[in-house]
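Thanks for coming, everyone. Please look at the sequence and the model on the screen, and I will walk you through the fold.

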Amino acid sequence: MTALHDFLAWLPSGLPAYIFLITVVVFFHELGHFMVARWCGVAVETFSIGFGPEIVGWNDKHGTRWKISWIPFGGYVKFLGDIGAASTPDHDLLEELPEDERTRAFPLKPLWQRAAIVAAGPFANFMLAIVIFTAMFMIFGQNYNEPVVDGVQPGSAAAAAGIRKGDIVRSVNGTAIHDFSEIKQIVTLSTGEALTIDLERAGKPISVKAVPKITTMKDPFGGENRMMALGITNDLRPGRISHVRFGPVDAVGAACEQTWLIVKSTFVYMWQMSTGYADTSQLRGPIGVASVSQKVASISFVALITLAALMSVSIGLINLFPIPLLDGGHLLYYGFEAVLGRPLGVRAQDVGFRLGLAAVLGLMVLVTWNDLVRLDLF
């Protein structure tokens with residue numbers, strides 16, 4: 001009954017927020033594939049937001065079926081010569097195509113064109129994020145919270161290093177600190193090494209070394225995550241907040257930096273998982289994204305747009321992983337084709353796609369389990 005109550009409470013604002021997020025991120029990803037495919041002369045048969053049966057759709061003058069489908073967990077673009085959404089070549093169809101149609105079939109295009117079409121989806125996701133972040137920096141600027149230590153948790157890494165209340169953090173491992181949140185960014189991406197922390201104490205500079213510890217912490221949405229932490233806190237006080245506005249050039253630079261930080265954080269988190277400094281509990285699936293989208297939307301539409309940018313980077317990056325079935329898997333196959341001078345054999349590609357499907361389904365099971373545990377359904 002509690003789960004049903006939570007679902008009914010989530011539905012009015014959570015469902016529109018989730019559909020908005022998925023639609024924006026997936027649309028631009030598939031639009032990247034679509035635009036480069038059209039530029040390369042490939043016939044696009046279907047452009048779908050979502051999977052499964054069609055809710056609504058229409059045909060454009062080029063014969064592409066644009067549609068919205070019932071299962072809102074992604075989308076796809078189907079090209080002439082593909083069997084389905086995974087861009088697996090339909091060899092029987094390709095043999096029967098007339099000559100004038102063969103020039104428009106995706107699998108028969110030159111290698112560089114196929115690679116460009118596949119890479120365009122993730123690239124579009126990165127560009128969407130940069131555009132959103134640029135707009136946010138130009139319109140709203142950025143607030144900086146002076147990195148003053150207002151509390152040190154007993155037994156923490158900071159306490160062991162001798163950090164005290166009232167210290168001002170000036171740099172961590174040589175990186176200048178302007179905002180307190182920048183400390184967390186560096187610390188959470190560490191993997192057990194000692195960090196050199198330059199402080200200002202009573203107007204005098206001092207330097208200490210601290211080894212962050214794995215700590216269970218609550219995220220802004222009430223969930224618990226295990227991450228590296230120093231054990232220091234900071235209070236938001238009006239006198240410490242400074243506001244910076246960005247011009248167009250600086251905004252683009254800050255947006256690119258923010259996008260790179262998300263990419264870097266993802267790779268570091270993967271390394272932390274492999275070395276035992278993080279676990280898989282932070283991974284979220286569709287249920288988790290749906291839950292977070294409702295909470296973010298309740299803050300503001302601007303916050304939801306920012307979440308869309310973050311998701312766009314994540315989706316673009318995940319799709320570049322060299323797993324058959326994803327864009328990165330196709331690019332991996334094209335790499336083999338470039339080296340061998342011919343495509344991989346049909347059987348080799350089929351085995352790869354099956355392994356890729358198993359990997360993707362396994363990941364979906366893992367993140368769905370995490371989502372259900374976060375919702376206290378197990």
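**Around Ile-117**

Start with Ile-117. Setting aside neighbours within four places in sequence, Ile-117 is in contact with His-33, Val-36, Ala-37, Cys-40, Val-42, Phe-79 and Phe-106. Contact means heavy atoms within 4.5 Å.

Before I go on, the ground rules. This is a predicted model, where local features need pLDDT of at least 70 and side-chain atom pairs count only at pLDDT 80 or more, while totals for chains, interfaces and linings use all residues. Residues are numbered from 1 along each chain as its sequence is written, and side-chain values use heavy atoms, with hydrogens and water left out.

Now the core. The largest nonpolar core has 28 residues, and Leu-21, Val-42, Phe-79, Phe-106 and Ile-117 touch the most other members. By nonpolar core I mean a set of buried Ala, Val, Leu, Ile, Met, Phe, Trp, Tyr and Cys residues joined through side-chain atoms within 4.5 Å. Buried is under 20% relative accessible area, exposed is over 50%, and partly exposed is in between, with a 1.4 Å probe and protein chains only. Which elements give two or more residues to this core? They are helix H1 (2-39), strand S1 (44-59), strand S2 (65-79), helix H4 (111-140), helix H8 (286-299) and helix H9 (301-319). H1 gives the most, nine residues. Helices (H or I, at least four residues) and strands (E, at least two) are DSSP runs, numbered from the N terminus. There is also a second, separate core of 22 residues, which includes Phe-126, Ala-254, Ala-309 and Leu-317.

Stay with H1 for a moment. Val-26 is found in this helix. Val-26 is buried, at 11% relative accessible area. Beyond its neighbours within four places in sequence, Val-26 is in contact with Ile-49, Gly-74 and Gly-75. Val-26 and Phe-73 are 47 residues apart in sequence, yet 8.9 Å apart in space, C-alpha to C-alpha.

Next, H9. This helix has 19 residues and reaches 27 Å from its first C-alpha to its last, close to the 27 Å expected at 1.5 Å a residue. The expected span is 1.5 Å times one less than the number of residues. Buried residues of H9 include Leu-304, Ala-308, Met-311 and Asn-319.

Glu-337 sits in helix H10 (residues 327-340). Is Glu-337 buried or exposed? Glu-337 counts as buried, at 12% relative accessibility. Leaving aside neighbours within four places in sequence, Glu-337 is in contact with Leu-111, Arg-114, Arg-342 and Pro-343.

On to a sheet. Four strands form an open sheet in the order S6-S5-S7-S8, with antiparallel pairing. Strand S6 (175-176) and strand S8 (204-210) stand at the edges with a single partner strand each, so one side of each has no neighbour in the sheet. Strands pair if DSSP finds at least two bridges between them. S7 (residues 195-201) and S8 pair over seven bridges. Thr-196 stands opposite Lys-209 in S8.

Cysteines, quickly. The structure holds zero disulfides, a disulfide being a pair of cysteine sulfur atoms within 2.5 Å. Cys-40 is buried at 7% relative accessibility, and Cys-256 is partly exposed at 36%.

Last, the whole chain. The protein chain has eleven helices and twelve strands. Of its 378 residues, 42% count as buried. Among contacts between residues at least 6 apart in sequence, 63% join residues at least 24 apart.
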